[in-house]
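Open the model in your viewer and keep the sequence panel beside it. The tour moves from one selection to the next.

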Amino acid sequence: MIWDQAEGYVIDIEVDASHIDELGHANNAVYVTWLESCAWRHSQSLGLGLADYRRLDRAMAVLRHEIDYLAAAYEGDRLQLATWIVDSDQRLKMKRNFQLVRPADGATLLRGQTTFVCIQLSSGKPKRMPSEFVEGYGKALVQPYPLEL
């Protein structure tokens with residue numbers, strides 16, 4: 001399988017009937033749910049779970065999604081979704097890239113990027129990342145591959 005970047009955090013997805021819309025393929029809103037699930041599971045693998053967020057009174061909240069839907073997924077498809085943390089100012093913002101692949105034919109179905117902002121849970125307002133976020137997310141930070149000319 002050809003991933004856009006090395007060392008991604010990967011989850012497996014099986015497309016079921018609940019993911020399918022009236023057009024017969026996985027609904028675009030379902031893809032966003034998959035991105036959120038992948039990002040959250042990656043955060044947990046880095047030692048930053050919900051209990052940590054609550055203890056620190058901080059969370060990484062979505063500021064912006066940019067998604068390119070490249071091909072459709074259908075019921076029964078087995079997919080793999082990878083994420084990489086590709087940018088962090090170590091203060092307020094962090095970016096993740098995503099790639100959704102169907103291993104059966106090697107097709108990339110989606111590429112996306114999500115920008116997160118650190119917020120204080122108790123107020124909902126932007127607040128500087130605690131050192132636990134800087135260290136935890138920082139250890140997963142990768143440089144995006146340069147474009148080939």
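The expected span of a helix is 1.5 Å times one less than its number of residues. Helices (H or I, at least four residues) and strands (E, at least two) are DSSP runs, numbered from the N terminus. This is a predicted model, in which local features need pLDDT of at least 70 and side-chain atom pairs count only at pLDDT 80 or more, while totals for chains, interfaces and linings use all residues. Residues are numbered from 1 along each chain as its sequence is written, and side-chain values use heavy atoms, with hydrogens and water left out.

**Stop 1: helix H1**

Select H1, residues 28–45. At 1.5 Å a residue, its 18 residues should span 26 Å. The end C-alpha atoms are 26 Å apart, which agrees.

Go to the N-terminal end. Asn27 caps H1 there, with a side-chain oxygen 2.7 Å from the backbone nitrogen of Ala29. Now look just after the helix. Gly47 takes a positive phi of about 85°.

Which residues of H1 are buried? They are Val30, Tyr31, Trp34, Leu35, Cys38, Ala39, His42 and Ser43. Buried means under 20% relative accessible area, exposed means over 50%, and partly exposed lies in between (1.4 Å probe, protein chains only).

**Stop 2**

Contact here means heavy atoms within 4.5 Å. Leaving aside neighbours within four places in sequence, Trp34 is in contact with Ile11, Ile13, Val15, His19, Ala26, Leu79, Leu81 and Leu100.

A nonpolar core is a set of buried Ala, Val, Leu, Ile, Met, Phe, Trp, Tyr and Cys residues joined through side-chain atoms within 4.5 Å. The largest one has 34 residues. Those with the most contacts inside it are Trp34, Met60, Leu79, Leu81, Leu100, Phe133 and Tyr137. Color by element next. E1, H1, H2, strand E2 (58–69), E3, E4, strand E5 (107–120) and helix H3 (131–138) each give two or more residues to this core. In soluble globular proteins, nonpolar side chains tend to be buried together.

**Stop 3: Gln99**

Select Gln99, in strand E4 (residues 93–102).

Show its polar contacts. A polar contact is a pair of N or O atoms within 3.5 Å; within protein, one must be able to donate a hydrogen and the other to accept it, and residues adjacent in sequence count only if both atoms are side-chain atoms. The Gln99 side chain reaches the backbone nitrogen of Asp4 at 2.7 Å. It also makes a polar contact with the side chain of Thr108, at 2.9 Å. Beyond four places in sequence, the contacts of Gln99 include Ile2, Trp3, Gln80, Trp84 and Arg111.

**Stop 4: salt bridges**

A salt bridge is a side-chain nitrogen of Lys or Arg within 4 Å of a carboxyl oxygen of Asp or Glu. How many are there by this rule? The count comes to seven.

Select Glu14 and Arg78. Their side chains meet in a salt bridge (3.3 Å, N to O). This pair links distant parts of the chain: Glu14 is in strand E1 (residues 9–14), Arg78 in strand E3 (residues 78–88), 64 residues apart. Glu14 counts as partly exposed at 44% relative accessibility. Arg78 counts as exposed at 57%.

Move to Asp52 and Arg55. Their closest N and O atoms are 3.2 Å apart, forming a salt bridge. Both lie in helix H2 (residues 50–56), three residues apart, about one turn of the helix. Arg55 is exposed, at 54% relative accessible area.

Then take Glu66 and Arg64. This salt bridge has its closest N and O atoms 3.3 Å apart. Glu66 is partly exposed at 35%, and Arg64 is partly exposed at 47%. Elsewhere, salt bridges that share partners join Asp52, Arg55 and Glu132 into one network.

**Stop 5: cysteines and backbone angles**

Select Cys38 and Cys118. Cys38 is buried, at 0% relative accessible area. Cys118 is buried, also at 0%. The structure holds zero disulfides (a disulfide is a pair of cysteine sulfur atoms within 2.5 Å).

Glu7, in the segment before E1, has a positive phi of about 55°. Glu7 counts as exposed at 74% relative accessibility. Gln90, in the loop between E3 and E4, has a positive phi of about 60°. Gln90 is partly exposed, at 40%.
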